[in-house]
Amino acid sequence: MTSFGNFVEIFLQALTAGILLGAIYGLMCVGLGIIFGVMRVINFAQGEFLMLGMYFTFYVVAAFNLLWFLGPAVGPYTGALLAGPALFAAGYALHRFLVSRVTGISVAGTEGEGHYAQLILTLGVSLVLQNGGLILFGSTPVSVRTPLSARAWEIPLLYDANAALFLNKARAVAGILSVMVAVALYWLVNRTRLGKTLRAAADNAAAALYMGIDVDRAYRIAFGIGIGVTAIAGGLVATYNPFQPYIGLDFVIIMYAGVVLGGMGSILGAFWGGMTIGLVQQLSTLVLPTQLQNAAIFVVFLLIVMVRPQGLFGRATERI
Amino acid sequence: MLTVESLTVAYGGLTALCEISLVVRQGQFVSMVGPNGAGKTTLFKAISGTVQASAGRIRFEDTDLLAVAPSERAHFGIAHVPEGRQVFGSMTVMENLEMGGYPQTGRRDWKRNLDRIFSLFPVLAERRAQAAGTLSGGEQQMLAIGRGIASSPRLLMLDEPSMGLAPMVADLIFERIGELHRDGLAILLVEQRVAEAVQSCDFGYVLEAGRVVLAGTHRTLLADDRIRSVYLGL
Amino acid sequence: MRAQCKLIAPLLAIAIVAMAWIAVGMLVTNSYYQLMLTLVPIWAVMGLSWNLLSGYTGLISFGHAAFFGLGAYTVTIALVGFDVTPWLGIPLGMMVGTVAGIVIGYPTFRLRGHYFALAMLAYPMALLYVFEWLGYQEVPLPMKREAPGFYMQFSDYRVYIALAVGLLVISLLISLAIERSRFGMSLLAIKQNEPAAEAAGIDTLAWKMRAIMLSGALAAAAGGLYAVVLLVVTPESVFGMLTSAQALIVALFGGAGTLWGAPIGAAILIPLSETLQAQLGDVIPGIQGVVFGFAIILVVLLAPEGIFWRVRDRFHRTRAARKVPAMAMAPRVAFGKTAPVPPPPERTPILTVSGLSKSFGGLRAVTDASFEVGEGEILGIIGPNGAGKTTLFNLLNGFLPPDTGKVVFAGRELAGLKPNRICRLGIGRTFQVVRAFPRMSVLHNVVVGAYATTTNDADAFAAAREALAQVGLAGRSEAAAAGLTNKELRLMELGRALAGRPRLLLMDEPLAGLASQEIEALLDVIRSLAKGRITVVIIEHTMRAMMRLAERFIVLDHGRVLAIGVPDAIVSDEGVIEAYLGKKWASIRAHG
């Protein structure tokens, strides 16, 4: 095989890995996109809910084996999906009791529109969850093992009989499920009445109030959905990646970078933003050593925020 | 139908409204005019609940509105078309109208209301799939009014519908509002443009600096020179 | 901040605390407590450094660990790689911190609010990965037995305590100097209302840069000393999230924007968390983070301004905000003809606007505006809601660049200049919403406006007093701004603009919401300004008052200049009547 052919194979491998990873990143970004992009609420603890989604899946599937009847292949993914509703409740409660005090009409006139308080409050929540997680779960990395994580589909590349693309089954399934959840969410937000009331409340709270929409409840639900979706993404990541309680921090920048890249206010944009970040990360393995890949993402984030803050899909009138 | 008694709204040391009283009867068209800063929008906000009343009462039919949560008030049959349109810019025309039809009464009469809205404002039917933020000012105003009607209200409150609109478009809007009134809808209109407001109304109030300074039927008001002085300070 | 600079009290306090701390340190023999007594001042310095940037300017930084880590690694690498003693290494680290402040600050200050905080988060994390990649997983500082003192290594721990306290004293003195000078005042003004500060002549970017440079230096010093004390540096321990969080929480807990906030916060939180870590760290790892997390949540919800302010306000309850009496609406002036304003004298134009236009997307906010403002006149800008009046002011002030057109002020072209430059040239502005420093005196609120045109503080305060006399608030100069009535607040806002000795004053709706008598008082003040040769341009809606004040009017409608002229002409102008009352009105009145 020629070295060019070699390169193409490596490139395609990275590309495919990037797409699969990007799908999962896209899902987590959609979760944050609902909260940050649409509601304009800063949630610094988003990464921790990702982590909680991972641990939820772990405990349900691996530790307590509650889904034994679904078998070792289906169980973990179901667990991941179940993390959604479970953490929706947590997110709803978080908003109801804490976040609502630093958002919305009550802080609309204050300095910085309450962003300062949101940042600090959710930083506190993040610290509590991170370290609480350390206490409860211990610091040893765990993972949710599925028989799929060791197997891969082999897709022969047409131009050379010896070249092939290896799709890790676990990652592939995770990626596909991510897309499906994202699509389901898109349908929920755009086609159902509930979704429309959420969008209305986020678009113009006062006008929504005039329509008779319970804006406070809408905010809580939206926040809860955002958390739940990110938790599902976490659960899916858990199926092929080991994790420990501090893992949330690694993903916070990824999520914010994805949402900002995709453009504020656009859930679809958030998905594509996450996808892009995933691609960038995987493709950067071709040129950068491992430790610098994450640094590369930070650089990308900084560039986006400074050069094109409205992102790919955002409206140009977005003032930073 | 709607009775406002001695309503006072004060916040941050400023008294926006001082002991305002007004009445809107069934099927009546009531106008409120006055210069900027007179407190007209504050009155609407107090009725809708986005601003707290410091004293006084608001009754709608037999309900004490001040005891009802803001998000509930729309369900009683009061539609508020806010100042500056306030459409949901990121949603389509159709979705905006659907939101207007959110209350129970709106859902019940949805088909009928939609037909009515489209016959009053055909341009909305044309642009039903367009994002509301991309509509022109006049179209947005029509959408906001359509949204208000979609809830099958018994009272329609309009806050400065002509603001920022070209005169011809404003005229069209006022015509349609008149039509709605002729169909039996009670209207409470707030306007800076006196003529349109006063000409079409059954009864009118003039507000200045948070107080009612003039009140009367539309004939009485039209004949009164004092309106001009209220606006232009003579 | 109390009224005039009483330096003795804080200096004495610093001296006492320092000496007491060292004294306690001398007495303690348990090495664990000795470490604690060293760490508290170090974290207090870190908190003070965070406070310098974020506490005073309001721009929340989540990334001070970047400076801390750079300081720590500078000292470490200097010692390990080049055998340079920390006595030199720490100052070197401070220089690195300053440079880092410039490099990080310049691009990041273009961002607002949450984007700033998120971006700041990225820097230490990126550095963390970079340092790990460079191979600095865990670097112990080598023992230098030949000349320990030379290398800042002491067997007696108490020396470290003294060093830490020394650094704390330096930091406190720096913070004190800043707080009491125009540096601190300018930063606070930026936090309070950045556009207003810009319009008052404060070069906001320059001050923010100075703040982050100094902040970076101090944080780096703290990091350097930390490395010396702990003798081992890992990327996680210095660049990690907990470090940035600790800086933030220590300052916030005690009270952001104050001198003693960070030390108080450090004195309470560090021993607490370290003890918890020591006692329970084996059993419950991460207890430190949980405690800090809860502390942050509680502070934000219950005492968002920190413990310092809570306590101080309690002690100063009598001087705290008086309940402003609900405004009684004074009886209105009866209908009737008012005395006409005499025709305006001939005036030389001081401001010439030609062809000014501005659009936002498809919306034409201002179209082809052209007019002149004569020196010493009172000009009113009126028009229906949404006519573009405030946009016009923003164009004149430099907040918005015009799409086309020219603005010439006293012979100088203004287009493209930043607002603080325009202020220095002699244009002042008041804003509709007055945001004061509630706990500071009226004089201190006003003096910020004098910084642009004075070089030293004595002149600035003199100009401020003059301004207060001009508006009639001289008697209230020492009162806390929180207790002012609405009228007094408006006058104070006017005073702030006047302190810059402007030649032209732009006033945006100064009369909104005032009662009749209060309006009269303000009108008198404005008239006296005009007599003093200050040109006044006012946006207002209260026509009744404006008719008695303005010599000329410009009427805007839909972004265009509809009419310019004396009051009598304007109110009989058909176009104007149409704009305000509607076309039909004019025709109805004409035809009866």
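Me: Is Gly201(C) buried or exposed?

Reply: Gly201(C) is buried because 26 other C-beta atoms lie within 10 Å. A residue is buried with 20 or more other C-beta atoms within 10 Å of its own, exposed with 12 or fewer, and partly exposed in between; C-beta atoms are placed from the backbone. This is a predicted model: local features need pLDDT of at least 70, side-chain atom pairs count only at pLDDT 80 or more, and totals for chains, interfaces and linings use all residues. Residues are numbered from 1 along each chain as its sequence is written, and chains are lettered from A and ligands numbered from 1 in the order in which they are written.

Me: Where is Gly201(C), and which residues is Gly201(C) in contact with, leaving aside neighbours within four places in sequence?

Reply: Gly201(C) sits in the loop between helix 8 (194-199) and helix 9 (204-230) of chain C; helices (H or I, at least four residues) are DSSP runs, numbered from the N terminus. Beyond those neighbours, the contacts of Gly201(C) include Asn420(C), Tyr451(C) and Gly500(C), where contact is C-beta atoms, placed from the backbone, within 7 Å.

Me: How do I read helix 1 and helix 6 of chain C?

Reply: Two packed helices are described by the angle between their axes and the distance between the axes. Here the angle is about 170 degrees and the axes are 10 Å apart. The axes are lines fitted to C-alpha atoms over the stretch in contact, and angles run from 0 to 180 degrees between N-to-C directions. The two helices are therefore roughly antiparallel (over 145 degrees).

Me: How many residues does each chain give to the contact of chains A and B?

Reply: Chain A gives 16 residues and chain B gives 19. Helix 6 of chain A gives the most to chain A's side, with five residues.

How values were computed
Contact = placed C-beta atoms within 7 Å. Parallel < 35°, antiparallel > 145°, perpendicular 65-115°, else oblique.
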